[in-house]
Amino acid sequence: MNILVILIPVSLILGGVGLAAFLWTVRSDQYDDDQGNAARILLDD
Amino acid sequence: MTAACPACAVAPMAQQVSTGAGLQFSLPTIHCAACIGKIERELNTLKGVNFARVNLSLKRLIVEGTVDPDRVLAALKDLGFEAYYLNQSDQGNKPDATGRALLTRMAVAGFAMMNVMLLSVAVWSGATDATRDLFHLISACISLPVITYSGQPFFQNAWSALRVRRLNMDVPISLAILLAAIMSLYESLNGGDHAYFDAALSLTFFLLIGRYLDHQTRSAARSAAKELTALEVHTTQRIKNGKLETIQATSVKVGDQIMVPTGAGVPVDGILLSESAFLDRSILTGESSASAINVNDTVSAGEINVGAPFELSATSVGENTSLRRMAALVDLAENGRNQYTTLADRAAQIYAPAVHLLALFAFLGWFLATGDFRLSLNIAIAVLIITCPCALGLAVPAVTTAAISRLFSLGFLVKHATALERMAEIDNIVFDKTGTLTQASLPSFSGFSADEKSIALTLAQASHHPLSRAVSNRLQTETAAPLSEIEEIPGKGVKAFWNGQPVRLGQGAWLNGQFDGLGLRIGRRPAKRIHFNETIREGVVDALRNFEIHSEILTGDAKEPAQRVADTLGLKVIAKATSTDKIEHLTALKQAGQHTLMVGDGLNDTAALAVAHASIAPSTALEASRNAADIVLLKDSFADLPTVLHVAKAARTLSKQNFAIAALYNCIAVPFALAGFATPLAAALAMSLSSITVILNSQRMRYL
């Protein structure tokens, strides 16, 4: 079971990376216009 | 010479208006990807624009760069979009801080929940002894700081309710989160079997989702309401030392001479200095026909000049104008509305004591039966957690969010938090007439010959007066008569020659007629009056046909025009009602046990809107009336009015269903918890299942 000493921190760090990425999206205004973002995918350019 | 851009040298104004901060425009008509693409592509080619971005959720455009707002407006108009420039100082350009804080708290809670859940799965699948204790301790290290941070919105609300000795939904929620965390910590430190860290975290996470949804719809409605205010003109023309200057309406002082141009609203109360004036008072009194006044008569703020430009001397300004005094009345009436108990609060009032008593009895029962303090406490806390305040906390916000966003896409702005719940109880509707059921008057040309109509059209086209424009719009389909020597006499009318004889369109007195309003005179024949008839607002007939509730008209207008509209619509009418009469009428209805919906726009309706059980105002209404109303209709058409009541009722039904679902889960889970069989796994399942069922059930709102 010694592998847990490595695996638990690894899983926490990976989760933390996900959290950091989400916080970055919040800070960079990516949730301010959900309808607009849904529509933009249809634009060509 | 250095200039910020090539155009700045030519137009020095451009440099002043563009300070680098984004210009904001309101685009009420955009709705799809094509609109976004078209606007952004076109504006990015505009000289001086560095960056243009459309926000579809808020229906706004942000432009950065050195460009004159008027040029952007012109470009948008060419593209075929209705656009308004928003004054930055009124708007506040700050991003939504509360929404962000909620989103961050939710993300942190979600992250912690998933990690703790992973560790818990190991425990549930049979980890024992040292491994289990280690996992519990790691879970504690993750959970405690996260609960302290993410749970704050609940703790604060619960504390503020407890301080005034009241119970709201946040009290049982906070209690369940805190007790679960503390008990789990104690168990982990003492090598116990069960820790509820995952339950405490998922409770926080699910409830934060509800809070965020709730906040999101409210903030969209708030920003749209602010926008309506920002669009209003707040400047006025003052005459000083014989010269005209434009100043803020708020800085007018008593005794100032103000010039009111044709078509503009009167900014302050005052006394007329010009010889005569022609005013539209419908917004103050509900009268549909314009009234003529003479020198030294009083003029009130909010009236609209439909005659020649006139001058007035200000007698009361700022907070003392009749308009503001009326707004103060509304604040008084609003207090009653804030005492309304919402469905969620009523549920909390039943739920909170019941759950707390149940937990207490569980504790006492087990303690008496076994004498084991720790076991009894564990069971009591398991009861608290498993009764699942989670689904109860989501039951109302998930439904109202879906309902409000559905109404927003139909053009209704739901401003008040409890508006939908009150709307669902409506059993009686009172309409204002002028400006609500009817729109701007249209001239009627029955009894006019083809020649007369075509002469009137040519004369009307020569003038920009609002009445002339109404005439030329009405006669669009006629052929314009060839006239010579067309001349506009300001404040009187338009004159010209037709086949050698003089023709005139203008004020009755100027035509030697015996009336105040607009008339037409050809040669030596007597002047013919042009009557203005009110037109019924678009969609009103459809809306009334679909209402299955008693409706009536309550208007400040004279008996005859009021009766005419009432007959057309087949409604009962009370005419000549002052604003006090309206309040009394609504109070009488309230005392008779009726729940009245008031639909109105004018100043005379303002207090009535606030007194009524629920209220709707069109977007053309006065700012004071819009503030008093629960719901503002952004479109012109009333056709969707019955949908509001339908959606409100559907929202109430779904909220109640959600409470029933939550209660059902409790009925199943509570006996297990009481019997001491509740494990953290059962708690996690009950919590997730009931929350997801409630959220899914709420989504049916879109199709009901």
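This is a predicted model: local features need pLDDT of at least 70, side-chain atom pairs count only at pLDDT 80 or more; totals for chains, interfaces and linings use all residues.
On labels, residues are numbered from 1 along each chain as its sequence is written, and chains are lettered from A and ligands numbered from 1 in the order in which they are written.

Back to Lys576(B). Its phi is positive, about 55 degrees, although it is not a glycine. As a reminder, most residues other than glycine have a negative phi. And where is Lys576(B)? You'll find it in the loop between strand E24 (572–574) and helix H21 (579–591) of chain B. Helices here are DSSP runs of H or I with at least four residues, strands are runs of E with at least two, and both are numbered from the N terminus.

Chain B has another one of these. Asn296(B) is not a glycine either, and has a positive phi of about 75 degrees. Asn296(B) sits in the loop between strand E10 (291–294) and strand E11 (298–299). With 9 C-beta neighbours inside 10 Å, Asn296(B) counts as exposed.

Taking the contacts in chain B with a separation of 6 or more, 67% of them are between residues 24 or more positions apart.

Now some helix packing. Helix H8 (152–163) and helix H9 (170–189) of chain B have axes 8 Å apart and pack at an angle of about 125 degrees. That angle makes H8(B) oblique to H9(B). For the record, axes are lines fitted to C-alpha atoms, for helices over the stretch in contact, and angles run from 0 to 180 degrees between N-to-C directions. Under 35 degrees counts as roughly parallel, over 145 as roughly antiparallel, 65 to 115 as roughly perpendicular, and the rest as oblique. The crossing of H8(B) over H9(B) is left-handed; that's when the near helix is turned anticlockwise from the far one by less than a right angle, and clockwise would be right-handed. Among the contact residues are Phe154(B) and Phe155(B) from H8(B), and Val171(B) and Ile173(B) from H9(B). By class, that contact has eight nonpolar, two polar and one charged residues. Here Ala, Val, Leu, Ile, Met, Phe, Trp, Tyr, Cys and Pro count as nonpolar, Asp, Glu, Lys and Arg as charged, and the others, Gly among them, as polar.

Ala382(B), Ile385(B) and Ile386(B) of H14(B) meet Ala682(B), Ala683(B) and Ala686(B) of H25(B). That contact has six nonpolar, no polar and no charged residues.

Next slide, helix H20 (559–569) of chain B. Which of its residues are buried? Pro561(B), Ala562(B), Val565(B) and Ala566(B). They're on the same side of H20(B), because they cover an arc of only 135 degrees around the axis, going by the directions from the helix axis to the C-beta atoms. On the face turned away from that buried side, H20(B) carries the exposed residues Lys559(B), Glu560(B) and Asp567(B). After H20(B) comes Gly570(B), with a positive phi near 70 degrees.

Last up, chain A. Two helices, zero strands, and buried residues make up 2% of its 45 residues. Its C-alpha atoms fill a box of roughly 50 × 20 × 15 Å along the principal axes. The contact between the chains takes 21 residues from chain A and 20 from chain B. On the chain A side, helix H1 (4–27) and helix H2 (34–40) each supply at least two residues. H1(A) gives the largest share of that side, nine residues. By class, the chain A side divides into 11 nonpolar, five polar and five charged.

That's it from me, thanks.

Definitions and conventions:
A residue is buried if 20 or more other C-beta atoms lie within 10 Å of its own, exposed if 12 or fewer, and partly exposed in between; C-beta atoms are placed from the backbone. Two residues are in contact if their C-beta atoms, placed from the backbone, lie within 7 Å.
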